[in-house]
Amino acid sequence: METHAGRRSARSRRVIPETQAPWPPRDNLKITGVRSIVTAPGGPPLVVVRVDTSDPGLYGLGCATFTQRFHAVAAAVDEHVGPMLVGRHPADIEDIVRMVHYSSYWRGGPVLNSALSGVDQALWDIMGKRAGMPVYELLGGRVRAAADTYLHAEGATVEATLDHARRLLDAGYRNVRLQTGAPGLGHYGAPGSPNGYPDAPYPDGWDVQRYLRETPRLFERARHELGDEPGLLHDVHSRLTVKQAVQLARALEPYRLFFLEDPIAPEYYDRLPEVRVAAPMPIAAGEQLGSVADAARLVMNGGVDLLRLHVSAVGGLTPVRKLVALCELNGVGTAWHSPADVSPVGSAANIALDVTTHAFQIQEGHVYPDPVVEVFPGTINPVGGYLFPHDAPGWGVDLDERAAAKHPPVTHLHERWSARVRRPDGGVEPP
């Protein structure tokens with residue numbers, strides 16, 4: 001009896017005549033299969049797309065990670081997007097990306113764009129391998145040797161956060177993001193503590209007024225104890241009103257932040273220019289956007305100093321390199337989202353963008369643990385606080401599927417946490 005996986009594999013190899021290019025290819029190379037691979041060697045589920053070709057051994061990998069909805073992305077790749085590509089020449093990246101983007105009619109959004117990103121980045125990987133060049137050379141070559149990066153310093157207390165920051169600075173990093181825990185379990189970026197508000201309707205809640213009081217105190221001590229040189233960053237994670245964001249930004253002015261990240265929720269980005277005008281430090285935002293058009297408006301309307309996208313959420317390298325050009329023309333910097341829920345393939349794509357544009361400002365970094373490096377040979381980890389691109393053709397990152405199979409993903413990891421992000425009165429907050 002034929003299994004569902006077998007039926008899916010057969011569909012993924014079937015040529016759809018209507019999706020073929022109306023021009024003859026330069027050679028006989030064709031896409032023969034497209035499939036998703038989901039693995040979680042570091043904890044967060046990572047989605048990678050593999051595109052195979054008629055040239056034995058020539059394949060490409062792309063990052064399609066939307067870790068909170070990985071089942072949906074995998075289904076979009078395997079059941080919808082992938083079959084459209086079979087029979088196409090892998091060099092037709094622009095046409096394929098545009099065709100896939102419009103094919104769903106109700107287009108955009110992080111699920112479909114993540115699927116598109118995986119395909120797009122895999123095609124760039126193939127192009128680099130065919131040319132015998134790293135992707136950054138296909139983009140015009142380097143304008144810098146490496147991407148300066150920052151890591152996250154966190155702790156349940158201010159003392160623990162600053163101790164972590166010192167360890168990072170001693171290891172050669174020049175920039176650190178500081179996040180300190182608070183009572184309750186909904187705090188972002190650092191450990192919380194249960195039953196923080198025992199007399200409240202929701203004892204594990206997060207208190208915005210406490211956050212507004214304590215965050216400036218964290219940075220006051222950080223500047224005093226860490227000195228003037230380190231770049232200090234902070235992520236609000238979208239939890240403030242416009243007025244609260246301005247209040248926090250002005251309270252942090254004496255401590256000269258490298259940037260303040262995501263001060264308000266993306267639903268209110270039309271008011272982000274108000275925050276940016278009033279804030280004394282650069283404003284970074286955009287990681288929750290799922291649309292190239294929304295990202296472009298953020299740049300054009302004066303909402304950000306640094307555009308901070310999750311590259312796979314808006315469709316991959318092809319659309320983002322155009323946003324990079326827009327940033328260059330508008331004096332906006334880049335600072336791509338790249339924590340543990342970006343695969344090493346996606347990280348390699350970020351770095352290729354970083355080293356090929358004058359708009360680059362800083363790159364979020366992550367030190368991938370050994371299980372991730374085992375699954376993804378060629379994983380790029382920081383060296384001396386910098387991320388260096390591979391000189392190997394394509395992304396220079398591979399995927400060991402046997403090793404990947406040892407790390408199945410767990411569903412609802414994020415949902416279990418985000419469902420607890422509430423005020424002490426019980427009201428839901430953005431996670």
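Contact here means heavy atoms within 4.5 Å. With that in hand, Pro280 touches Ala249, Arg250 and Glu253, not counting residues up to four places away in sequence.

## Ground rules

This is a predicted model, where local features need pLDDT of at least 70 and side-chain atom pairs count only at pLDDT 80 or more, while totals for chains, interfaces and linings use all residues. Residues are numbered from 1 along each chain as its sequence is written, and side-chain values use heavy atoms, with hydrogens and water left out.

## The chain as a whole

Let's start with the overall picture. The chain has 15 helices and 12 strands; these are DSSP runs, numbered from the N terminus, with helices being H or I over at least four residues and strands being E over at least two. The C-alpha atoms fill a box of roughly 65 × 50 × 40 Å along the principal axes. For 431 residues, a compact globule would have a radius of gyration near 22 Å, and the chain agrees, at 22 Å. That radius is taken over C-alpha atoms, and the globule rule is 2.2 Å times the number of residues to the power 0.38.

Of the 431 residues, 53% count as buried. Buried means under 20% relative accessible area, exposed means over 50%, and partly exposed is in between (1.4 Å probe, protein chains only). Take the contacts between residues at least 6 apart in sequence: 69% of them join residues at least 24 apart.

## Arg177, a buried arginine

Arg177 lies in strand S5, residues 175-180. Is this arginine buried or exposed? Arg177 is buried, with a relative accessible area of 2%.

What does the side chain of Arg177 make a polar contact with? The partner is the side chain of Tyr188, at 3.2 Å. A polar contact is a pair of N or O atoms within 3.5 Å; within protein, one must be able to donate a hydrogen and the other to accept it, and residues adjacent in sequence count only if both atoms are side-chain atoms. Leaving out residues up to four places away in sequence, Arg177 touches a list of residues including Tyr150, His152, Tyr188, His234, Asp235, Glu261 and Glu364.

At 39% relative accessibility, Pro280 counts as partly exposed. Leu387 is 107 residues from Pro280 in sequence and 29 Å away in space, C-alpha to C-alpha.

Helix H8 covers residues 242-251, and its buried residues are Val242, Gln244, Ala245, Val246, Leu248 and Ala249. Their cover includes helix H7 (208-226), strand S7 (259-261) and H9.

Thr379 sits in the loop between helix H13 (370-375) and strand S12 (386-387), and is buried at 14% relative accessible area. A polar atom of the Thr379 side chain lies 2.6 Å from the backbone oxygen of Phe376. Beyond its neighbours within four places in sequence, Thr379 is in contact with Pro344, Tyr368, Val372 and Val373.

Asn330 lies in helix H11, residues 317-330, and is partly exposed at 35%. Here the backbone oxygen of Leu326 lies 2.9 Å from a polar atom of the Asn330 side chain. Asn330 also touches Val299 and Met300, not counting residues up to four places away in sequence.

## Two histidines with positive phi

Most residues other than glycine have a negative phi. His237, in the loop between strand S6 (231-235) and H8, has a phi near 65°. His237 is buried, with a relative accessible area of 12%.

His412 has a positive phi of about 75°. This histidine is found in the loop between helix H14 (401-405) and helix H15 (413-418), and is partly exposed at 45%.
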